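Good morning, colleagues. Please look at the sequence and the structure on the screen as I begin.

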Amino acid sequence: MTANAVPAPRLARRPLRASATIELVSLAVLLVNIATGDAREIAALFGPVHGVAWLFGVLATGRDPRRSTGATLRAVIPGIGGLLALRALERADAQAAPDTGSGAR
């Protein structure tokens, strides 16, 4: 791989995919914690995990070569923003890929 080559989008977005999953799971844990009794220890553990995963997702989306304003704005949404941004970035990849099914001869 040369210095100017862009890595395959799927591999380059692996950290974003991981942070989006962690963000969603940690939010679910926090919401379940609130609904079942609000244990402060769980909130103290998963609150910062959720915050760091969210921040990493926003920064990773902002650094992606195919980012758009829409993808970046989606990434800011707590909980599901990372997954929405991934979906927007994958859609941008699909639009940028050459159309191989056109049947041109």
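This is a predicted model: local features need pLDDT of at least 70, side-chain atom pairs count only at pLDDT 80 or more; totals for chains, interfaces and linings use all residues.

Of the 105 residues in the chain, 23% are buried. The accessible surface amounts to about 7,200 Å², and carbon and sulfur atoms account for 65% of that surface. As for contacts between residues at least 6 apart in sequence, 57% of them join residues at least 24 apart.

Which residues make the nonpolar surface patch of about 290 Å²? They are Leu24, Ile77, Ile80 and Leu83. Leu24 lies in helix α2, which covers residues 14-36. Its relative accessibility is 34%, so leucine 24 counts as partly exposed, a class that lies between the buried limit of 20% and the exposed limit of 50%.

The other residue is isoleucine 42, which belongs to helix α3, residues 40-63. Is isoleucine 42 buried, partly exposed or exposed? Isoleucine 42 is partly exposed, because its relative accessible area is 34%. Leaving aside residues up to four places away in sequence, isoleucine 42 touches Val29, Leu30, Asn33 and Gly47. For one of these, valine 29, the C-alpha atom is 8.3 Å from that of isoleucine 42, and the two residues are 13 residues apart along the chain.

Thank you for your attention.

Technical notes: Residues are numbered from 1 along each chain as its sequence is written. Side-chain values use heavy atoms; hydrogens and water are left out. Patches are made of residues with over 30% relative accessible area and no salt bridge: like charges are joined within 9 Å, nonpolar side chains (Val, Leu, Ile, Met, Phe, Trp, Tyr) within 5 Å. Accessible areas come from the Shrake-Rupley method with a 1.4 Å probe; for residues, only the protein chains shown count as cover. A salt bridge is a side-chain nitrogen of Lys or Arg within 4 Å of a carboxyl oxygen of Asp or Glu. Helices (H or I, at least four residues) and strands (E, at least two) are DSSP runs, numbered from the N terminus. Buried means under 20% relative accessible area, exposed over 50%, partly exposed in between (1.4 Å probe, protein chains only). Contact means heavy atoms within 4.5 Å.
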